[in-house]
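Please describe this structure for someone who has not seen it before. Which charged side chains pair up, and which residues are packed away inside?

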Amino acid sequence: MKRNIDDFDGIKDFIISIITIAVWVLISAIIAIGYFTIETKGESIIISFVSMIFTIISSLGILVTIGVYFWQRNDAKKLASEVEKSILKMIFSECERVESELEHAKSVFSNLDKRKLVNITSKNNGDIFIITSVNENMRSNNNYLKRIELSSIENLLGLATSTNSKYFEAIYSMMVDIMRYNEQLSLWLLSDDVNYEHAGLYRISLRDILILINRIKTTLH
């Protein structure tokens, strides 16, 4: 069963409370014993007795401090582990999203490859490019390609940076490849003379991202 960090905080507070109660019970016992000792042996030992009490309290305080330190360090490790697991889940989620968009792009090229094109034009609508292709029979067909949205990956990279995540390099590599992909898509479809044969660099960048995503999904754990 998964436990969140509030559970560990509750356990820590409980243990500290138990230790505090134990300390006070011990102090009370020492005072009681000391009282009867003074009654039977006289006032001359009161100074040494008080000194003994403060020595014991000081020692217990040191032990409590050490115990809390190791507990908090253990909590920090568990929290870091939970953060890493969350980042990995988000990486896989982003891989699925990007892979879905790339599979669409592959299907568009598959359709274009089957047509004997004589002309191709594009219209830019924000991050979406509407591609109109005309074959040798002068039949037109519309497809669309889009830039891959980057903001969620940028946010994920920021989280990996702030937590010193071991997944930083994988996220950064994916972001760089997607930026290259978006750039090649724009260079091809925003040129004055859109030519299907000029889509080579864009198709290479598409292939490179798919290879990277496959490597990330099979190697990260």
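The report below goes through the basis of the model, its salt bridges, one of its helices and its nonpolar core.

## Basis of the model

This is a predicted model, in which local features need pLDDT of at least 70 and side-chain atom pairs count only at pLDDT 80 or more, while totals for chains, interfaces and linings use all residues. Residues are numbered from 1 along each chain as its sequence is written, and side-chain values use heavy atoms, with hydrogens and water left out.

## Salt bridges

Side chains of opposite charge can pair when their charged atoms come close. A search of the whole structure finds nine salt bridges, a salt bridge being a side-chain nitrogen of Lys or Arg within 4 Å of a carboxyl oxygen of Asp or Glu. One of them joins the side chains of Arg 97 and Glu 149, at 3.8 Å from N to O. This pair links distant parts of the chain, since Arg 97 lies in helix H2 (residues 46–114) and Glu 149 in the loop between strand S3 (140–146) and helix H3 (151–162), 52 residues apart. Helices (H or I, at least four residues) and strands (E, at least two) are DSSP runs, numbered from the N terminus. Arg 97 counts as partly exposed at 22% relative accessibility, and Glu 149 is also partly exposed, at 34%; here buried means under 20% relative accessible area, exposed over 50%, and partly exposed in between (1.4 Å probe, protein chains only).

Another salt bridge is formed by Lys 217 and Glu 99, whose closest N and O atoms are 2.9 Å apart. This pair, too, links distant parts of the chain, with Lys 217 in helix H5 (residues 200–219) and Glu 99 in helix H2, 118 residues apart. Arg 207 and Asp 208 meet in a salt bridge of 3.2 Å, N to O; Arg 207 is partly exposed with a relative accessible area of 46%, and Asp 208 is partly exposed with 27%. Salt bridges that share partners join Glu 94, Arg 97, Glu 101 and Glu 149 into one network.

## Helix H3

The 12 residues of H3 should span 16 Å at 1.5 Å a residue, and the end C-alpha atoms of H3 are 17 Å apart, which agrees; the expected span is 1.5 Å times one less than the number of residues. Within H3, Ile 153, Leu 156, Leu 157 and Ala 160 are buried. These residues lie on the same side of H3, because they cover an arc of only 100° around the axis, the arc being that of the directions from the helix axis to the C-beta atoms. The face turned away from this buried side carries the exposed residues Asn 155 and Ser 162. Just after H3, Asn 164 takes a positive phi of about 55°.

## The nonpolar core

The largest nonpolar core has 40 residues, and those with the most contacts inside it are Leu 102, Leu 145, Ile 171, Trp 188 and Tyr 202. Such a core is a set of buried Ala, Val, Leu, Ile, Met, Phe, Trp, Tyr and Cys residues joined through side-chain atoms within 4.5 Å. The elements that give two or more residues to this core are H2, strand S2 (128–135), H3, helix H4 (168–189) and H5, with the largest share, 10 residues, coming from H2.

Not counting residues up to four places away in sequence, Leu 145 touches several residues, among them Phe 109, Ile 131, Trp 188 and Tyr 202, where contact means heavy atoms within 4.5 Å. Gln 184 lies in helix H4 and counts as buried at 17% relative accessibility. Leaving aside its neighbours within four places in sequence, Gln 184 is in contact with Leu 201, Tyr 202 and Ser 205.
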